[in-house]
Amino acid sequence: MTASKQHALLRPPATVLEIVRDLETARFQAWCVGGAVRDALLGQSHLDWDLATDATPDQVRSLFGRKRTIPVGIEYGTVGVLDADGVLHEVTTFRRDVRSDGRHAEVEFGASLDEDLARRDFTVNAIAYSPSRRELHDPFGGQRDLDGRLIRAVGEPSERMREDRLRALRALRFAARFDFEIDAQTWAAIEGSAPHLTRLSAERVKQEIEKTMEQVDAPSRAFRLWRDSGAMAVLVPELSGISDDVLRALDCAARPGLPRRPGRRLSRIAVLFSEVSADLALGAATRLRFSKHEAHWIATIVERWQAVASVMAKTLTEGEPDSTRVRRWIAAVGRLHLGAFFRLTSARWSAKREAGEPVPTAQALHSLYRRSLRAALREPVDLRDLAVDGDDLRQAGITPGPELGKILSSLLDLVLEDPSMNARERLLAEAQRLHSQRK
């Protein structure tokens, strides 16, 4: 890449240039580093421009004032500095590692820029840029590896993996996100690191799974690398034998959009677990520190998809299902889970369709989805939709207990067959008849 093209791509926002100017005016070095430089050279936008400097954390806080700084990781030399727009940028003191336990490093300051870059994970992340001098500093060949579409560890790969076991998973995510290959020695170090990934906290593993779902258009490659490197067997043994069919389905599930709407992220995770039992999915999600709500949501979607999808596929290939069948499917899936169920079904069937396997058409599934939504809004498909409830049955002389629950289920079954039966008098009469039969 020519110097002129580099400079055209490397254009930090004005608010970042102001932070650089303030540091340099105070006679400190200021270099843009990390993902923003990497992504800019790849022609991708990046909002989080971080800086490296020879100023100590105390000097950074003194320069920008306490109101503009936050000690986000001050023991590691990182101070968050708010720019003029209120956006936080990490300003980190040049540092070198003294020792590491495989996840947390003990660092010392007073290092040079080259020493600071030498402790980073991959060459593509070890490029620094000085906006004031329009100078790119790349001592480890990161630009060459960007051009060659290669993920390569800085220095000795096995040492980089020993210093921080999370680097193995980051390499797999970067390779999938940018569609890069992994350098052979780096791959060997990742495989060698797999048995030691138990040093990672469950929260960190969860974050890597979520980042992969959110950042990667086609996450199948990332999780195939998890599987093939041995990382999956160590971290999520329930998925150690994950099939190519499920992996392909991940790519057919929509990539998450707005952070405030996490449904697509969870839908992709449900696809990931869609081949294992609901109990195994629940156990794995709980162990990975998903919230109780999210873990149960994932397990519920998996359970209901496994219970309904195969029958649904067979019915749709034979023709248009009748209204009763549609209502029964809605009841089995649950009104509130319809959207997620159909997203999972669409992903799994799209993958099968691309592989040449016989499944219903996308048009047939979409038509069923629209029918299901209309029926879920207008027709009784849940116990709460019945014209009578448990109190009504108790007042009619039916003793509370298991029998009452069975009678309510029978009434719902009757209404699913014929919605016109959902009238108080009719249901009470049917409840009395069922009760008398059970005496």
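**Exercise 1. Determine how helix α15 and helix α16 are oriented to each other.**

Solution. The model is predicted: local features require pLDDT of at least 70 and side-chain atom pairs pLDDT 80 or more, while totals for chains, interfaces and linings use all residues. Residues are numbered from 1 along each chain as its sequence is written, and side-chain values use heavy atoms, without hydrogens or water.

Step 1. Helix α15 covers residues 278–287, and helix α16 covers residues 292–318; helices are DSSP runs (H or I, at least four residues) numbered from the N terminus.

Step 2. The two axes come within 8 Å and cross at roughly 160°. Axes are lines fitted to C-alpha atoms over the stretch in contact, with angles from 0 to 180 degrees between N-to-C directions.

Step 3. α15 is therefore roughly antiparallel to α16 (under 35 degrees is roughly parallel, over 145 roughly antiparallel, 65 to 115 roughly perpendicular, the rest oblique).

Step 4. The crossing of α15 and α16 is right-handed, that is, the near helix is turned clockwise from the far one by less than a right angle.

Step 5. On α15 the contact (heavy atoms within 4.5 Å) involves Ala278, Ala281, Leu282, Ala285 and Thr286. On α16, Ala295, His296, Ile298, Ala299, Val302, Glu303 and Gln306 take part. These residues divide into eight nonpolar, three polar and one charged (Ala, Val, Leu, Ile, Met, Phe, Trp, Tyr, Cys and Pro are nonpolar, Asp, Glu, Lys and Arg charged, the others, Gly among them, polar).

**Exercise 2. Carry out the analysis for α21 and α22.**

Solution. Step 1. The axes of α21 (residues 402–417) and α22 (residues 424–438) come within 10 Å and cross at roughly 130°.

Step 2. The two helices are therefore oblique to each other, and their crossing is right-handed.

Step 3. Residues of α21 in this contact include Lys406, Ile407 and Leu411, and those of α22 include Leu427, Glu430 and Arg438. The contact divides into seven nonpolar, two polar and four charged residues.

**Exercise 3. Identify the residues that touch the most other members of the largest nonpolar core.**

Solution. Step 1. A nonpolar core joins buried Ala, Val, Leu, Ile, Met, Phe, Trp, Tyr and Cys residues through side-chain atoms within 4.5 Å (buried is under 20% relative accessible area, exposed over 50%, partly exposed in between; 1.4 Å probe, protein chains only).

Step 2. Among the 116 residues of this core, the answer is Trp226, Val236 and Phe273. Helix α16 supplies the largest share, eleven residues.

Step 3. Beyond neighbours within four places in sequence, Phe273 contacts Val236, Leu239, Ala281, Ala284, Ile298 and Val302.
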